[in-house]
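Work through the exercises below with the model open beside you, and try each task before reading its solution.

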Amino acid sequence: MKKTLLCLMMAWGSLAFAENYTVNSPDSRITVNVETGTNTTYSVTFHGKVILNPSPISMTFDNGTVIGRNMEVKKVERFTQNQVLKPVVRQKSEQIIDHYNEMVLDADRYKLYFRVYNDGLAYRFHTDFPDSLKVLNEEVTYCFPEDYNTLFPEERSMLSAQQPLFKPMKLSEIGTDRFCSTPILIKVDENARIFISESDLESYPGMFLRKQGKNELAGKFAAVSLEDYKTDDRQIFPTKRADYIARVNGTRNYPWRAMIVAENDANLITNQLIYKLAPEAEGDYSWVRPGKIAWDWYNALILTGVDFKCGINNDTYKYYIDFASKYGIEYVVIDDGWSEAWDVTKTIPEINMEELVAYGKKKNVDLILWVSWAPFREKIDEAFDKFSQWGIKGIKMDFMNRDDQEMVDFYYEVARKAATYKMLVDFHGAYKPTGWLRTFPNVLTSEGVAGLENHKWGSFVTPKHNVTLPFTRMVAGPMDYTPGAMINFHEKDHKIWFNLPASVGTRCHQLGMYVVYESPLQMLADSPSNYYREPVCMEFLSQVPVVWDETRVLKASVGEYVIVARRHGDAWYIGGMAGEKGQKFEIDLDFIKGNKTLTYWEDGVNVDMNANDVARRTRKVKQGDKITITMYDGGGYAAVIK
């Protein structure tokens, strides 16, 4: 009887301070309702329909404090922001509308922030504790009202390069023993899609999602590494982990838990919520120079018709520099093999870095160096000094393959130090971007995607996968897929050859990627020898930009087709990609002005027999004209209007 009375008293006590708080998007289409009390939950409606049931959120610390439980709100602050952002690097546009309503629930020692935009929402905790402490766990839940369809980026381990295939699965089909990396895309109905990721991930582990309950997903985080193992292959793997996920300062912000809400597939591509949530860059980044980059690893440095032995040597890289110079390509990357294994300050005898940098400068081509993260970390300051002395303009850092707190801290250290040396960064073997391009505009791109290189050992990177990426991984930020294959096969004919790889899909499928895929440091993956044999394609690849003043999605369906128009200055570029089935669309050129010339590359008349077949054509066009875009199975389209 006493126990029953005590439980009733506790229940009454929690109800006594339970409160509801609501915040809407500026256009009132999205409503977030927050309920505090024993548990703090939030729910979301879109156009009056519940798309997220009350979902508990909290954080547990080693001092016994659990924020978000038994929350007593002392003050509620509300704020509206409506400003125009002008990004240093124009990933999608030269201007970004940053319009949101913010609600802050103040519970003395911590605050809970909610921001609601017209195209999404986010929340985060902020703590004001006097001392440093440990985060034992963060409760992140997504309780969906129905058995929604997902594109589930399943992972087998949290030691991962996060290059998943996005598997179509209903929530009910995901077992409670399965989990995925983020971002994840969820289709509510024909009028709503939910995209879940995070922003401002500083000194904190990245978020995975595990299945929990009937239609629920819950956050999953890697614990802090206590001991690790150093391999002969330049890797360091954790071997013992703590019972907590982060060591933190008592006063700090935690990552934004972001949810994009889109009315259709097209709106996913133009959404910039992850960017808007990230902190503004500090300092001058006007020196950042986006551009295209010739890559050597995909094509195994194999050249033909030359009078020297190709490989990791100065003659080969001078050839790459000559190629880049001829076509106005800003950079050449020198990938794995140029340095001693565990000392990135020392080149192998076949490489004279000073000579290569000087040769490149004469040709207006700069060099970027690939580094494995573990050896680089061991000599990070010495390496940056040496690279700067050589005249290197950036690094491509690889093999991190994890996003626990230690690794996230290392990413930030690399980004900051690279900026002080005015160097660019390309993260490979990387977790998804979490707003880097805003906070560190020198971090131009990152992998975290199953891209072109997978053709060297498999056929699973298909046109359907390629046409899924713009609506999933790319929504999180720039994506280093590394396109540009000049050897192409249809899916049924694809052959695997490590040193002479070929892509799945048509040649125009590859060309279309340069407009559809966003990467301000965009690779040309194939051999210069192959590009020299393709002057028709190089006419397009030599002129297509990597940054954009305006983006319009003309046609879009996840995994089936995508056509994007992007403006750079006064010129418009159109890129199209088809999935498994060919597509034909009539496009209205209502976005151009005046009389223009349309130059376009489309799947050739014999593409059914040879995926390499491409046709180049021109015609005069003006505003309001209509054009027909026809793409074969796994095909594509590319155009320039100027």
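**Exercise 1. Cysteines**

Cys 180 counts as buried, because its relative accessibility is 0%, where buried means under 20% relative accessible area, exposed over 50% and partly exposed in between, computed with a 1.4 Å probe on protein chains only. The model is a predicted one, in which local features need pLDDT of at least 70 and side-chain atom pairs count only at pLDDT 80 or more, while totals for chains, interfaces and linings use all residues. Residues are numbered from 1 along each chain as its sequence is written, and side-chain values use heavy atoms, with hydrogens and water left out.

Task: determine how many disulfides there are, and state which cysteine sulfur is nearest to that of Cys 180.

Solution. Begin with the rule, by which a disulfide is a pair of cysteine sulfur atoms within 2.5 Å; applied here, it gives a count of 0 disulfides. Cys 180 is accordingly in no disulfide, and the nearest cysteine sulfur, that of Cys 143, is 15 Å away. For a further cysteine, take Cys 310, which counts as partly exposed because its relative accessibility is 28%.

**Exercise 2. Helix H4**

Task: describe the span of H4, its start and the residue that follows it.

Solution. Helices are DSSP runs of H or I with at least four residues, strands are runs of E with at least two, and both are numbered from the N terminus. H4 covers residues 314–326, and its 13 residues reach 18 Å from the first C-alpha to the last, close to the 18 Å expected at 1.5 Å a residue, the expected span being 1.5 Å times one less than the number of residues. At the start of H4, a side-chain oxygen of Asn 313 comes to within 3.3 Å of the backbone nitrogen of Asp 315. This is judged as a polar contact, that is, a pair of N or O atoms within 3.5 Å, of which, within protein, one must be able to donate a hydrogen and the other to accept it, with residues adjacent in sequence counting only if both atoms are side-chain atoms. After H4 comes Gly 328, whose phi is positive, near 70°. The buried residues of H4 include Tyr 317, Tyr 320 and Phe 323.

**Exercise 3. Helix pairs**

Task: classify how H4 is oriented to H5, and H7 to H8.

Solution. Axes are lines fitted to C-alpha atoms, for helices over the stretch in contact, and angles run from 0 to 180 degrees between N-to-C directions. The axes of H4 and H5 (residues 353–362) come within 10 Å and cross at roughly 20°. The two helices H4 and H5 are therefore roughly parallel, given that angles under 35 degrees count as roughly parallel, over 145 as roughly antiparallel, 65 to 115 as roughly perpendicular and the rest as oblique. For H7 (residues 380–390) and H8 (residues 405–420), the packing angle is about 30° and the axes are 11 Å apart, which means that H7 is roughly parallel to H8.

**Exercise 4. Backbone and buried side chains**

Task: locate the cis peptide bond at Pro 183, and find what the side chain of Thr 439 reaches.

Solution. The cis bond joins Thr 182 and Pro 183, with omega about 15°, and Pro 183 is found in the loop between strands S14 (179–180) and S15 (184–189). Thr 439 lies in helix H9 (residues 436–439) and is buried, with a relative accessible area of 14%; its side chain reaches the backbone oxygen of Pro 279 at 2.9 Å.
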